Amino acid sequence: MSASAALDKHEDGTHRAPLRILFVGTSYPSSPDDWKGLFIQRLVEALAQRRDMVLRLWLPPGDIPQGTVYAATARDAAWLQRLMDAGGIAHVLRNDKLAGLTRALQLLHRLRGAYRRSDCDLYHINWLQNALALPDDRKPLLVSVLGTDLQLLGLPGMRVLLRRVMRRRQVALCPNADWMVAPLKQAFGDIATVQAVPLGIDGSWYRIERAPPRGAPARWLAVTRLTAGKLGPLFEWCAPHFAGTQRELHLFGPRQEAIDVPGWVRYHGTATPTQLCREWFPSACGLLTLSRHAEGRPQVMLEAMAAGLPILASRLAAHTDIVAHARTGWLCDDPAGMADGIAAIEDPMRNQKMGNNARDWAKARIGDWDDCAGRYASLYHSLCGQPVR
């Protein structure tokens, strides 16, 4: 029986149809090797396994789970694919203001049509600004909020427009990290529930058995999009410790800006999660990130913790929300602090202890994608005034 036809029987003998969720996002993998929007795919797959809902998906084209309904029109799908090929809406807005504004208006126009066509019970929207096109239909709304969303709240009139959309409906704003709760409550706490909902972690990361080769040069990983903000001072701070030494820095990620990679950095381009999981994380000493970008809760850092891989990170709100200094990794503010972190994480006993602590934290606080789907399902039913099943 399909999810749309299934009815759940309750203790009083009555039956209730699954909730109809319109799930909206502008990022989704186009193929098994595509890294863009992979967390969206994992969440959709976990939600699709539940009997208490049926998903209508307004997403870029890709492999959607059985039992879901693809709600984008052919024209919408083609337009979304072109947006993905351009790097995504946030990337376009950052790098070309005029083109970004044009794309944003086109996106809202297409979303308006999708919202009006839908017969859903609840909207689940990824990226806060995608809610701007909602009609005044009083249907409940859940928004998954990422770090970029908060940056855009500073645009003139943005808060007023979003508050207008939220009025006269039940709303839950769900950042993926605790540090975003306070600013969201300040902006919308009087008209919306604000509750952090951590994303899940695929079970393959928890099953990694790390075994950095003893006596071999320490192998460090940096997994990031190549932009000035995401890299931060990575090359400058690392040069004294890696250039001309046996220590290795392996860099993975798409080059989204004209960034010159120094010759001592071993740049591999984009790697799939499977490659990182099987080939790189097991033998690495640590994960290194000195990002200055507006982060939510970086998924690669969660995966590293699940794998028991210590993290050396800049002291950013998104990083301090995850990394407990000297317990599950190391936080630094300057080159001297980074040097201390390298020394600490390269010590075999401290490395193992930090890694074990990190994995324990990930299991207890984050769990897997089924845990994440359960967190969202509870909020769906609450917003619709139904008991949780």
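Visitor: Where do tyrosine 376 and tyrosine 380 lie, and how many residues apart are they?

Guide: This is a predicted model. Both tyrosine 376 and tyrosine 380 lie in helix 16 (residues 369-383), 4 residues apart, which is about one turn of the helix.

Visitor: Are tyrosine 376 and tyrosine 380 buried or exposed?

Guide: A residue counts as buried when its relative accessible area is under 20%. Tyrosine 376 has a relative accessible area of 1%, so it is buried. Tyrosine 380, at 0% relative accessibility, is buried as well.

Visitor: How many aromatic pairs does the structure hold?

Guide: There are 5 aromatic pairs in the structure. One of them joins tryptophan 205 and phenylalanine 281; this pair is tilted, with 5.0 Å centre to centre and 55 degrees between the planes. Tryptophan 205 belongs to helix 8 (residues 203-206), while phenylalanine 281 is in the loop between helix 11 (273-280) and strand 13 (286-289), so the pair ties together parts that are 76 residues apart in sequence. Tryptophan 205 and phenylalanine 281 are both buried. Tyrosine 376 and tyrosine 380 form another aromatic pair, a stacked one, at 6.4 Å centre to centre and 25 degrees between the planes.

Visitor: What is the order of the strands in the open sheet?

Guide: Strands of a sheet pair through backbone hydrogen bonds, in either a parallel or an antiparallel manner. Here, an open sheet of 7 strands has the order 5-4-3-6-7-8-9, and its pairing is parallel. Its edge strands, strand 5 (69-70) and strand 9 (193-194), each pair on one side only. Strand 3 (residues 19-24) and strand 4 (residues 53-58) are joined by 6 bridges, and leucine 19 stands opposite methionine 53 in strand 4.

Visitor: Which strands does helix 1 touch?

Guide: Helix 1 (residues 38-48) packs on the sheet and touches strand 3, strand 4 and strand 6 (122-126); its direction makes about 150 degrees with that of strand 4. Helix 16 also packs on the sheet, and the strands it touches include strand 7 (141-145) and strand 8 (171-175).

Visitor: Which residues have the most contacts inside the largest nonpolar core?

Guide: In soluble globular proteins, nonpolar side chains tend to be buried together. The largest nonpolar core here has 42 residues, and those with the most contacts inside it are Trp58, Tyr115, Leu173, Leu184 and Phe188. Helix 4 (residues 97-117) supplies the largest share of this core, 5 residues. A second, separate core has 30 residues, among them Trp280, Val300, Met301 and Ala304.

Definitions and conventions:
Residues numbered from 1 in each chain as written. Predicted model: local features only at pLDDT ≥ 70, side-chain atom pairs only at ≥ 80, totals over all residues. Heavy atoms only, no water. Core = buried A, V, L, I, M, F, W, Y, C linked by side-chain atoms within 4.5 Å. Buried < 20%, exposed > 50% of the residue type's maximum accessible area, 1.4 Å probe, protein only. Helix = DSSP H or I, 4+ residues; strand = E, 2+ residues; numbered from the N terminus. Phe/Tyr/Trp six-rings, centres within 6.5 Å; stacked < 30°, edge-to-face > 60°. Pairing = 2+ DSSP bridges. Contact = heavy atoms within 4.5 Å. Axes fitted to C-alpha atoms, helices over the stretch in contact; angles between N-to-C directions.
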